[in-house]
Protein chains: 2
Amino acid sequence: MNKAGQTQTHPAGSRIYSAGKPGQAWRVVSGAVRLDRSGPGVEPMFANLAVEGDIIGAETLLFQRYTFDATALADCVLSPWPEGGGAPAGESLLAVLTASETRAADVVALRCGQALERVKRLIALLGPRPDAPALPSRRDMADITALTTETVSRCISALRRTGMLPPDGQRRGRPQLSHQP
Amino acid sequence: MNKAGQTQTHPAGSRIYSAGKPGQAWRVVSGAVRLDRSGPGVEPMFANLAVEGDIIGAETLLFQRYTFDATALADCVLSPWPEGGGAPAGESLLAVLTASETRAADVVALRCGQALERVKRLIALLGPRPDAPALPSRRDMADITALTTETVSRCISALRRTGMLPPDGQRRGRPQLSHQP
DNA sequence: CGGCTTCTTGAAAAGTATCAAATATAGTGG
DNA sequence: CCACTATATTTGATACTTTTCAAGAAGCCG
């Protein structure tokens, strides 16, 4: 449905691109993206996070192929990067590099301290969403924070009990299986 | 002792540069560097790792000031980057960006799984050192793996018992206090 | 409705942190 | 050159947190 070269939208949970496939770089206009290291025979492992304003897939400018799997943690809007097409200016690349290193430090910090603090930091990093604070799946949150889904669930219950989260976001049932035959 | 603009050496444990100070970017020719996020009033917190071949301090090309504290984990040789001086070529910057994202994924992976596995992965990441397998301090290893110094020490003892590490690297006593008055 | 998946909760087990004390090392000063 | 001091490292015992295992509740889709 999404065509290369123009703005894309991806629903939460959907695959944006896969490691090894050819493609272009994108700016995350809104939403959040999970990046996983994955190879042939290697099970996907969480590698990094991208939030509003971050650039993903920049390695395609060098290799023409993606290095990571990208999955939407929330409903996402992506626009092609660099904006004008062609090669990005050096200064623009430097800004991306600097942002990337800051984000990496954020992600590393998500795995420090006790479970409740980590979950709180993750929710804060995902940003104050306007009205519907739909959280990512427990599995995604667990992979990002290096906890288990059960522990994440307990932390969220605790945050709801203490009023730091609204009493009940909607649950998720059977996910939409998006096969490509 | 080290002069800007030419190759530098830093002994293990020494500060390479500090956040907020002006300076240039460097290539890690050999050794390993720990990067810490640190601000005014904020205690230093481990943020990232750089090993042989990585570039550190690239943000100075944009801001003229370092974003992180850099500390040598092992004896280090650094050379100015980009090599020719001046602005780096776009392709070169892209290569640095890609390497940076790969390294970030490595560091995130150092905080997955049980203590013994993490310590083993850290040692592997620091690279096969030729003859003297001098490990970083327990405190550095603990900060990087998000463990305590005691747990890291127990893991290393276990690795020595099982022969995966030589029976006894030298210990460290009182470190050299390098004040600058 | 039936099947599938995610989410939640409980109880027990495992792993790590914490606290405390002994040992080792390098630098300092006599 | 040797004792002395400050710090790092190691090890042990205990407390705490998280994982693991298990079962039930809830939502989505055909």
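**Close-up views of the chain A–chain B model**

**View 1. Helix 2 of chain A meets helix 2 of chain B.** The axes of the two helices, residues 90–109 in each chain, come within 10 Å and cross at roughly 5 degrees. Angles under 35 degrees count as roughly parallel, so helix 2 of chain A is roughly parallel to helix 2 of chain B. The model is predicted. On the chain A side, the contact is made by Gly90(A), Leu93(A), Leu94(A), Val96(A), Leu97(A), Ser100(A), Glu101(A), Ala104(A), Val107(A) and Val108(A). Helix 2 of chain B contributes Gly90(B), Leu93(B), Leu94(B), Val96(B), Leu97(B), Ser100(B), Glu101(B), Ala104(B), Val107(B) and Val108(B). By class, this helix contact has 14 nonpolar, four polar and two charged residues.

**View 2. A rotation of 180 degrees superposes chain A on chain B.** The shift along the axis is 0.0 Å, and the RMSD is 0.0 Å. That is the relation of a two-fold axis. Of the interface residues of chain A, 100% are also interface residues in chain B, so the copies meet through the same surface.

**View 3. The interface between chain A and chain B.** In contact are 31 residues of chain A and 31 residues of chain B. The two chains bury about 2800 Å² between them. Carbon and sulfur atoms account for 70% of that area. Leu94(A), Val108(A) and Arg111(A) supply 20% of the area that chain A buries against chain B, more than any other three residues.

**View 4. An open sheet of four strands in chain A.** The strand order is 2-7-4-5, and the pairing is antiparallel. Strand 2 (15–17) and strand 5 (42–51) stand at the edges, each with a single partner strand, so one side of each is left without a neighbour in the sheet. From one strand to the next, the twist averages 35 degrees. Strand 4 (residues 32–39) and strand 5 of chain A run antiparallel, joined by seven bridges. Arg37(A) has Met45(A), in strand 5, as its bridge partner. Helix 2 of chain B packs on this sheet, touching strand 4, strand 5 and strand 7 (68–72) of chain A. The direction of that helix makes about 110 degrees with that of strand 5 of chain A.

**View 5. Strand 3 of chain A pairs with strand 8 and strand 6 of chain A.** Five bridges join strand 3 (residues 25–30) to strand 8 (residues 76–81), and the two run antiparallel. Ala25(A) stands opposite Trp81(A) in strand 8. Strand 3 also pairs with strand 6 (residues 55–56) in the antiparallel sense, over two bridges. Here the bridge partner of Arg27(A) is Ile55(A) in strand 6.

Definitions and conventions. Residues numbered from 1 in each chain as written. Chains lettered and ligands numbered in written order. Predicted model: local features only at pLDDT ≥ 70, side-chain atom pairs only at ≥ 80, totals over all residues. Heavy atoms only, no water. Axes fitted to C-alpha atoms, helices over the stretch in contact; angles between N-to-C directions. Parallel < 35°, antiparallel > 145°, perpendicular 65-115°, else oblique. Contact = heavy atoms within 4.5 Å. Nonpolar A, V, L, I, M, F, W, Y, C, P; charged D, E, K, R; others polar. Least-squares fit on C-alpha atoms with pLDDT ≥ 70 in both. Pairing = 2+ DSSP bridges. Buried area = accessible area lost by both parts, 1.4 Å probe.
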